[in-house]
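I opened this notebook to keep track of what I looked up in one structure. The entries follow the order in which I went through it.

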Amino acid sequence: MEPKKNPEVDAEQLRPALVGVGLFFAAAFVLVAFTYGVSSGNGDGGEDDAINKEIQFEQVVEEEPPPPEDTPPPPEEPEVPPPPTDEVNEVENDEEETQMSIAPPDVEPPKVTNTPPPPPEKIVDFPEEQPSFPGGEEAMMKFIQQNIKYPEMAVQMGDQGRVYVQFVVETDGAITQVKTVRGVTPELDREAERVVKAMPKWSPGKQRGRPVRVRYTVPIYFRLG
């Protein structure tokens, strides 16, 4: 008598599913084994690689050995004096010789002070001793008669009269500041002033024995013959 198979528990129907499950577990086992091997291998060499990298990039500084105690210190360099500040002009001649000349220092020119001249002495009208023409009044009148020239215009016009000429006798006897204080005509006035300016030096007037400047007036008479 043959045994009957229960279709619900028939193993042939479950074979494809079991084969797929087995392949899945086998692939998963292989994958886990491979991943473990790789990770464990990296873990063993990772620390060494990091150390090697650190050693590879570490900078080595060599320390200089300390100098021996008995070695004397190096000699100090002598100080170089600064160059001179004076200007030096170098001039080369045809024989390739160099001449040096030092420029002289700037010297201020002496200050010139313009001192004003002393004020002139006061003019005295009435001194103790009057100035005088050399030889006296007669000599003065003779000098005027000999040097006077009657102006031609005054002769034609018939002009005549007395011209009063004022001037100053300086302390050295010179005649200055000649002017007409009372005149007749311009021609006669100019001629009278000309004659007075042509006079020689007088003897100066004196005050307390000292020469002084004196104002003096001389009348000159013009008369037609």
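How many salt bridges does the structure hold? I count five in this predicted model. I wrote up three of them, in the entries below.

**Entry: Arg 210 and Glu 121**

I looked up Arg 210 and found its side chain in a salt bridge with that of Glu 121, at 3.5 Å from N to O. Arg 210 sits in strand E7, while Glu 121 belongs to the loop between strand E2 (98-102) and strand E3 (123-124), so this pair ties together parts that are 89 residues apart in sequence. Arg 210 has a relative accessibility of 46%, so I noted it as partly exposed. Glu 121 is also partly exposed, at 40%.

**Entry: Asp 172 and Lys 201**

I looked up Asp 172 next and found a salt bridge with Lys 201, with 3.9 Å between the closest N and O atoms. The pair ties together parts that are 29 residues apart in sequence, because Asp 172 is in the loop between strand E4 (161-169) and E5 and Lys 201 is in the loop between helix H4 (186-197) and E6. Asp 172 has a relative accessible area of 47% and is partly exposed. Lys 201 comes out at 53%, and since exposed means over 50%, I put Lys 201 down as exposed.

**Entry: Arg 194 and Glu 191**

Which residue forms a salt bridge with Arg 194? I found Glu 191, and the closest N and O atoms are 2.6 Å apart. Both residues lie in helix H4, three residues apart, which is about one turn of the helix. Arg 194 is partly exposed at 37% relative accessibility. For Glu 191 I read a relative accessible area of 10%, so Glu 191 is buried.

**Entry: the largest pocket**

I turned to the largest pocket, which holds about 170 Å³ of space. Which residues line it? I listed Met 141, Ile 144, Gln 145, Ile 148, Tyr 150, Pro 219, Ile 220, Tyr 221, Phe 222 and Arg 223. By class, this lining has eight nonpolar residues, one polar and one charged. Helix H2 (137-147) and strand E7 (210-222) each supply at least two of the lining residues. E7 gives the most, with four.

**Entry: positive phi**

Most residues other than glycine have a negative phi. Gln 177 is not a glycine, yet its phi is positive, at about 55°. I placed Gln 177 in strand E5 (residues 175-182). Arg 208 also has a positive phi, near 55°. Where is Arg 208 found? I located Arg 208 in the loop between strand E6 (205-207) and E7. Arg 208 is exposed, with 75% relative accessible area.

**Entry: nonpolar surface patch**

I looked up nonpolar side chains on the surface and noted a patch formed by Val 21, Phe 24 and Phe 25. Together these residues have about 340 Å² of accessible area. Is Val 21 buried, partly exposed or exposed? At 43% relative accessibility, I recorded Val 21 as partly exposed.

Methods:
Residues are numbered from 1 along each chain as its sequence is written. This is a predicted model: local features need pLDDT of at least 70, side-chain atom pairs count only at pLDDT 80 or more; totals for chains, interfaces and linings use all residues. Side-chain values use heavy atoms; hydrogens and water are left out. On a 1 Å grid over the protein atoms alone, a cavity is a set of points where a 1.4 Å probe fits but cannot get out, and a pocket is an open set with protein on both sides within 12 Å along at least five of seven lines; lining residues have an atom within 4 Å of a point. Grid points are joined across faces, edges and corners, and a volume is the space filled by probe spheres set on the points. Ala, Val, Leu, Ile, Met, Phe, Trp, Tyr, Cys and Pro count as nonpolar, Asp, Glu, Lys and Arg as charged, and the others, Gly among them, as polar. Buried means under 20% relative accessible area, exposed over 50%, partly exposed in between (1.4 Å probe, protein chains only). Patches are made of residues with over 30% relative accessible area and no salt bridge: like charges are joined within 9 Å, nonpolar side chains (Val, Leu, Ile, Met, Phe, Trp, Tyr) within 5 Å. Accessible areas come from the Shrake-Rupley method with a 1.4 Å probe; for residues, only the protein chains shown count as cover. A salt bridge is a side-chain nitrogen of Lys or Arg within 4 Å of a carboxyl oxygen of Asp or Glu.
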